[in-house]
Amino acid sequence: MKPIELPQGYKPHDALSLRDYLGSVPHIAKRLGGPPSTWVVDEVGDGNLNLVFKVHGPLSGVAVKQALPYVRLVGESWPLPLTRSHYEYLALEEERRLAEGLVPKVFHHDETLALIVMELLEPHIIMRRGMVAATRYEHFADHISTFMARTLYFTSDLALSADQKKTMIGAFSGNTALCKITEDLIFTEPYMVAANNRWTSPELDRLAAEFRNDVILKGAISRLKLKFLSSPEALIHGDLHTGSVMVTAEETRVIDPEFAFMGPMGFDVGAMIGNFLLNYFAQDGHEDTPGAREDYREWVLQTTEQIWTGFESKFLELWRTHQTGDAFPASLFSGPLDAVQLEAERAAYMRNLFADTVGFAAAKMIRRILGLAHNIDFEWIKNKTMRAKCEARALKLARSMMTSARSFNSIASICALARGLRNWQPELG
Ligand code: ADP
Ligand code: MG
């Protein structure tokens, strides 16, 4: 692949050069306080694609995220445009406008350096880590359903005029390289022989081969891919899993929207639900004694249900109270009978969105087990046989979800199937 052409003035920072740079931005220097020599700069080091630094000054701290012209985890052999920082910045600003308090505040953006200075989230941790350690987040379902309902509703045709909507599509249409990662790694490669794929081997070899030879599944994932390619329904985060959320017991912040574009809403909602279901199946592998995490497991499923039901009710409420878009124009539905029809339309819309959500959730589950990027929920299970068992159960649920998305009429029915599958003893090898 051709290396990315670097704009004049771009250079990746290290801790020292970043300190000088921040010192030259007066409002950031003021925020940190004291002379730059007193600032402590640490590279976080767990970003997949970018550089992230934490900077502490005598007065306060900031986080700094800078894009590299390649995928950090892989190196220069995998070029990736710096413009992703531009889209991340745009998305963070839009999300902040719509869901204030649920994303980090942006203090400064440097387009040339592909760099964002933002609120330092401390003592927040990445939610996935908390969930692997069986920590409950009692406000999470409420927070994330608000985030999704507001960011998706207010950037859809239900709330925007047609020209506003098309302007937004234009603003995000250049984020093609990041979309392409999703198109390849989620919607294509896990279903074929591809160099990037890996799975728990040899335990899951047979299942992985079954998935590659499953024509029904290939049809279903291709329909989902088409939806992802061709449905600019709303501004989606594009990577909304539990690794893109930082939490404390009280607070929730959604980070890392560099994959943002105008796409299908179910992709965001499905990402979150799929990752909760993966965590549910992984819990067996983290128990000290069988059953020790039964209560936590139930919390995970209850929260999964609340994420959808909370999202659905908040989204519908916004539609009833802020019907300002060019779709379903309020002026067309002004009579008493129209109100009944409109409610029926809303219910049908949510049924479709739920089916999309179920399909995309399944796609997210499968890619984390058979594709390139895995997650610590499973990776940190030390016993390989146990890990493969947990993964096989998740795969089985995901396969049903993807191929029969429309036959599930509630999130509860999916959670019930998940519960049942925990008793399934897969044949490995
Ligand atoms: P990448 O897109 O490269 O994966 P992320 O945006 O996910 O980068 O950030 C990588 C890591 O940096 C996160 O997992 C988190 O630990 C840390 N991080 C990111 N943003 C912040 C922030 N605002 N405050 C504190 N830590 C952060
Ligand atoms: Mg990222």
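Glu76 is exposed, with a relative accessible area of 62%. For this label, exposed means over 50% relative accessible area, buried means under 20%, and partly exposed lies in between, using a 1.4 Å probe and protein chains only. From Glu76 to Asp239 the chain runs 163 residues, and their C-alpha atoms are 23 Å apart in space.

Before we go further, a word on what you are looking at. This is a predicted model, in which local features need pLDDT of at least 70 and side-chain atom pairs count only at pLDDT 80 or more, while totals for chains, interfaces and linings use all residues. Residues are numbered from 1 along each chain as its sequence is written, chains are lettered from A and ligands numbered from 1 in the order in which they are written, and side-chain values use heavy atoms, with hydrogens and water left out.

Asp256 lies in the loop between β11 (252-254) and β12 (261-263), and its relative accessible area is 17%, so it counts as buried. Its backbone deserves a look too: Asp256 has a positive phi of about 65° although it is not a glycine. Most residues other than glycine have a negative phi, and most peptide bonds are trans.

Pro257 belongs to the loop between β11 and β12 as well, and it is buried, with a relative accessible area of 0%. What does Pro257 touch, not counting residues up to four places away in sequence? Its partners are Tyr87, Glu88, Ala91, Leu92, Glu95 and His237, where contact means heavy atoms within 4.5 Å. Ala91 is 166 residues from Pro257 along the chain, yet their C-alpha atoms are separated by 6.3 Å.

Next come the aromatic rings, with 20 aromatic pairs in the structure. Rings of Phe, Tyr and Trp (its six-membered ring) pair if their centres lie within 6.5 Å; planes under 30 degrees apart count as stacked, over 60 as edge-to-face and the rest as tilted. Phe140 and Phe276 are a stacked pair, because their ring centres are 5.6 Å apart and their planes meet at 10°. This pair links distant parts of the chain, with Phe140 in helix α5 (residues 140-153) and Phe276 in helix α10 (residues 265-282), 136 residues apart. Phe140 is buried at a relative accessible area of 1%, and Phe276 is buried at 0%.

Helix α5 also supplies Tyr153, which pairs with Phe315 of helix α11 (residues 294-321), 162 residues apart. Here the ring centres are 5.3 Å apart and the planes stand at 80°, so the pair is edge-to-face. Tyr153 counts as buried at 0% relative accessibility, and Phe315 is buried with a relative accessible area of 0%. Tyr153 and Phe315 belong to one aromatic cluster, whose members include Phe154, Trp308, Trp319 and Phe328.

Phe328 gives us another backbone feature: a positive phi of about 45° although it is not a glycine. You will find Phe328 in the loop between α11 and α12 (336-370), where it is partly exposed, with a relative accessible area of 23%.

Two cis peptide bonds can be looked up as well. One joins Glu122 and Pro123, with omega about 10°, and Pro123 is in the loop between β7 (115-119) and β8 (125-126). Another runs from Ser201 to Pro202, with omega near 10°, and Pro202 is in the loop between α7 (176-185) and α8 (205-212).

Conventions:
Helices (H or I, at least four residues) and strands (E, at least two) are DSSP runs, numbered from the N terminus.
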